[in-house]
Amino acid sequence: MTESTDLGAEDRKIVTLARSARARNGVPEGAAVRDETGRTYVAGTVELESLKLSALRTAVAMAVASGATSLEAAAVVSDAETPSDEDRAAVRDLGGADTPVLLAGPDGQLRLSVTAG
């Protein structure tokens, strides 16, 4: 895993969107993904009795349901130390192994940047 604290404007945007989703919905995680056309999809953790999805898997599902064919980047805001293997797999399925996955803390500060692969 590669650590990075240098974010471009578009990556800062998805971190900010993910942080906002987490705060607005009062959920453990917020996530945002950017597709191949630059559209963004934002989601929070889903915790229903019959359906449990992380914020990042929910954002990927929203992108797929909206017709995205690839991802440029993904961001998750969480207390976790690293993105889960399942989250990285979902990003990899749509975006490929080299898609960056950004992990930020609740304060919005980037903790880790890894690839989906």
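What follows is a working chat about a predicted model.

Trainee: What should I know before reading the numbers?

Mentor: This is a predicted model, where local features need pLDDT of at least 70, side-chain atom pairs count only at pLDDT 80 or more, and totals for chains, interfaces and linings use all residues. Residues are numbered from 1 along each chain as its sequence is written, and side-chain values use heavy atoms, with hydrogens and water left out.

Trainee: Start with strand E1. Buried or exposed?

Mentor: Six of the six residues of E1 (residues 30-35) are buried, so the strand is largely enclosed by the rest of the structure. Buried means under 20% relative accessible area, exposed means over 50%, and partly exposed lies in between, with a 1.4 Å probe and protein chains only. Strands (E, at least two residues) and helices (H or I, at least four) are DSSP runs, numbered from the N terminus.

Trainee: Which residues point which way from E1?

Mentor: Gly-30, Ala-32 and Arg-34 point one way. Ala-31, Val-33 and Asp-35 point the other way.

Trainee: How many bridges join E1 to E2?

Mentor: Five, and the two strands run antiparallel. E2 covers residues 40-44. Strands pair here if DSSP finds at least two bridges between them. Ala-32 has Val-42 as its bridge partner in E2.

Trainee: What sits between E1 and E2?

Mentor: Four residues, and the two strands form a hairpin. Gly-38 in the turn has a positive phi of about 95°.

Trainee: And what about E1 and E5?

Mentor: E1 and E5 (residues 71-77) also pair in the antiparallel sense, over six bridges. Asp-35 stands opposite Leu-71 in E5.

Trainee: Stay on Asp-35. What is Asp-35 in contact with?

Mentor: Leaving aside neighbours within four places in sequence, Asp-35 is in contact with Tyr-41, Ala-68, Ser-70, Leu-71 and Glu-72. Contact means heavy atoms within 4.5 Å. Asp-35 counts as buried, at 0% relative accessibility.

Trainee: What does E5 do with E6?

Mentor: E5 and E6 pair in the parallel sense over four bridges. Ala-74 has Val-101 as its bridge partner in E6. Four of the five residues of E6 (residues 100-104) are buried, so E6 is largely enclosed by the rest of the structure.

Trainee: New topic. How many salt bridges are there?

Mentor: A search of the whole structure finds six. A salt bridge is a side-chain nitrogen of Lys or Arg within 4 Å of a carboxyl oxygen of Asp or Glu.

Trainee: What does Arg-34 pair with?

Mentor: Arg-34 forms a salt bridge with Asp-11, with the closest N and O atoms 3.1 Å apart. That pair links distant parts of the chain: Arg-34 is in strand E1 and Asp-11 in helix H1, 23 residues apart. Both Arg-34 and Asp-11 are buried. Asp-11, Arg-34 and Glu-72 are linked in a network of salt bridges.

Trainee: Which residue forms a salt bridge with Asp-79?

Mentor: Arg-22, with the closest N and O atoms 3.6 Å apart. Asp-79 is exposed, with a relative accessible area of 51%.

Trainee: And Lys-52? Where does that salt bridge go?

Mentor: To Glu-47, with the closest N and O atoms 3.7 Å apart. Lys-52 is exposed, with a relative accessible area of 52%. Glu-47 counts as exposed too, at 54%.

Trainee: Where does Glu-81 lie?

Mentor: In the loop between E5 and helix H3 (85-95). Glu-81 counts as exposed, at 66% relative accessibility. Beyond neighbours within four places in sequence, Glu-81 is in contact with Leu-103 and Leu-112.

Trainee: Which residues are buried in H2?

Mentor: In H2 (residues 55-65), Ala-55, Leu-56, Thr-58, Ala-59, Val-60 and Ala-63 are buried. Just after H2, Gly-67 takes a positive phi of about 100°.

Trainee: Last one. What is the volume of the largest pocket?

Mentor: About 190 Å³. Of the 10 residues that line this pocket, the closest to its centre are Leu-7, Val-15, Gly-108, Gln-109 and Leu-110. On a 1 Å grid over the protein atoms alone, a pocket is an open set of points where a 1.4 Å probe fits, with protein on both sides within 12 Å along at least five of seven lines; lining residues have an atom within 4 Å of a point. Volume is the space filled by probe spheres set on the points, which are joined across faces, edges and corners.

Trainee: Which helix gives the largest share of the lining?

Mentor: Helix H1 (residues 9-25), with five residues.
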